Amino acid sequence: MIPFNKPFLTGKETVYIQQAVASGKISGDGMFTKKCHQFFEERFGFKKCLLTTSCTDALEMAAILINIQPGDEVIMPSYTFVSTANAFVLRGAKIVFADSEKDTPNMDVTKLESLITPRTKAIVPVHYAGVGCDMDSLMKLAEKYNLFVVEDAAQAIDSWYKGKPLGGIGHLAAFSFHETKNVIAGEGGMLAINDPRFVERAEIIREKGTNRSAFFRGEVDKYGWVDVGSSFLPSEVIAAFLFAQLEHLTDIQDQRKLLWKKYDDAFRAAGIAASHLPFLPEGCYNNAHMYYLVLDSLDQRTAFIDHCKSADIHPVFHYLSLHKSPFYHEKHDGRELVNADFFTDRLVRLPFYYTLSPSDQDFVIARILQFFKKS
Ligand SMILES: *Cc1c(COP(=O)(O)O)cnc(C)c1O
């Protein structure tokens with residue numbers, strides 16, 4: 001059986017977890033958490049990083065930090081994971097869904113300006129498959145209307161846009177280390193803070209609304225309840241796991257890029273139309289988070305998945321447009337979002353994981369080419 005995903009282990013995870021446990025400091029913000037923060041700040045130049053228990057939590061922190069109030073409007077793509085929206089809905093925001101581009105699932109930034117109203121507070125770009133949104137235009141728009149930008153960089157670790165790391169461009173950014181991402185911790189995430197105005201309050205919100213972090217640094221002589229907050233910080237067990245992965249980031253990325261290129265080269269060499277294959281806009285880098293195909297219709301995609309499954313290969317489709325979700329469709333303003341629906345019906349993700357063997361990948365490719373020959 002060839003599944004969609006298999007979590008990759010470097011072998012050091014349990015060694016570091018043992019060290020964390022033996023150190024007698026198992027709760028959060030110990031040695032391994034600091035090592036992870038330092039890794040990201042040095043490697044990508046993010047001003048300040050804070051590990052969280054998930055990307056969902058990092059997004060929830062961002063919504064608190066930019067002070068979302070009931071009735072505020074937040075613009076984001078409809079073709080995304082529920083957490084992108086939920087984090088802001090929890091603070092009472094109204095979500096204004098934007099359509100995807102024609103040739104990528106990313107939000108079409110050229111169509112955003114007409115969605116901005118006096119109530120708009122933030123834009124949340126999602127870098128689908130680790131491919132950057134048009135951040136130059138988006139940041140210009142945000143500046144013009146004085147809006148916050150929170151990057152959902154869940155899939156975008158070690159990815160770049162015109163020389164800048166994704167997650168390092170907006171005011172805030174959220175990363176995920178869920179087991180389906182490039183670098184994993186089981187469940188885990190991180191808030192990257194690029195606007196230094198948010199650093200102090202972010203530490204407080206993450207520590208249940210207390211100034212505990214400042215207390216441990218000796219900046220205040222006692223700590224107490226100073227703001228709203230929750231328990232957003234992960235234990236050292238999770239940070240230890242994550243650090244073992246981060247040490248292998250280059251190796252993980254190299255291997256994933258090889259797998260990605262092998263799929264792409266094989267499909268292009270076989271004459272599969274470019275419209276079926278992932279498109280990388282100018283200036284975008286590919287962090288090999290996933291390899292997807294775009295079929296001609298929902299029926300063709302269903303036939304494709306069945307064709308693969310009958311050979312015990314398990315590709316999976318992805319998001320269902322949020323503007324049509326049972327929870328939000330009645331709150332949505334009724335605009336048609338044809339490109340979001342297009343990807344909802346047609347996109348399929350191929351098996352993609354570090355340990356996918358050359359012979360298994362050959363088998364997947366052959367099975368897929370057979371499908372395109374028949375149809
Ligand atoms: C994975 C993912 C999330 C959620 O990440 P968690 O760490 O599971 O909370 C949010 N947004 C996008 C785009 C994702 O791919």
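Predicted model: local features only at pLDDT ≥ 70, side-chain atom pairs only at ≥ 80, totals over all residues.
Begin by selecting K181, which an unreviewed UniProt entry lists under "active site". K181 sits in the loop that joins strand 8 (172-176) to strand 9 (189-193). Its relative accessible area is 17%, so K181 is buried. Display its surroundings next: beyond residues up to four places away in sequence, K181 touches A154, Q155, S176, R256 and H289.

Select D136 and K162, whose closest N and O atoms are 3.0 Å apart. Because D136 belongs to helix 5 (residues 135-145) and K162 to the loop between strand 6 (160-161) and strand 7 (164-165), the pair ties together parts 26 residues apart in sequence. D136 is partly exposed at 31% relative accessibility, and K162 is partly exposed at 47%.

Move to R201 and D227, which form a salt bridge of 2.5 Å, N to O. R201 lies in helix 6 (residues 199-206), and D227 in the loop between helix 7 (212-216) and helix 8 (236-246).

Continue to K262 and D362, a salt bridge with its closest N and O atoms 2.9 Å apart. This pair links helix 9 (residues 249-269) with helix 12 (residues 358-374), across 100 residues. Now select K48, E203, R217 and E219 together: salt bridges with shared partners join these residues into one network.

Finish with the cysteines, among which there are 0 disulfides. For C55, the nearest cysteine sulfur belongs to C49, 13 Å away. C55 is buried at 8% relative accessibility, and C308 is buried at 2%.

How values were computed
Residues numbered from 1 in each chain as written. Heavy atoms only, no water. Disulfide = S-S within 2.5 Å. Buried < 20%, exposed > 50% of the residue type's maximum accessible area, 1.4 Å probe, protein only. UniProt positions renumbered as here; feature names shortened; annotations may be inferred. Helix = DSSP H or I, 4+ residues; strand = E, 2+ residues; numbered from the N terminus. Contact = heavy atoms within 4.5 Å. Salt bridge = Lys/Arg side-chain N within 4 Å of Asp/Glu carboxyl O.
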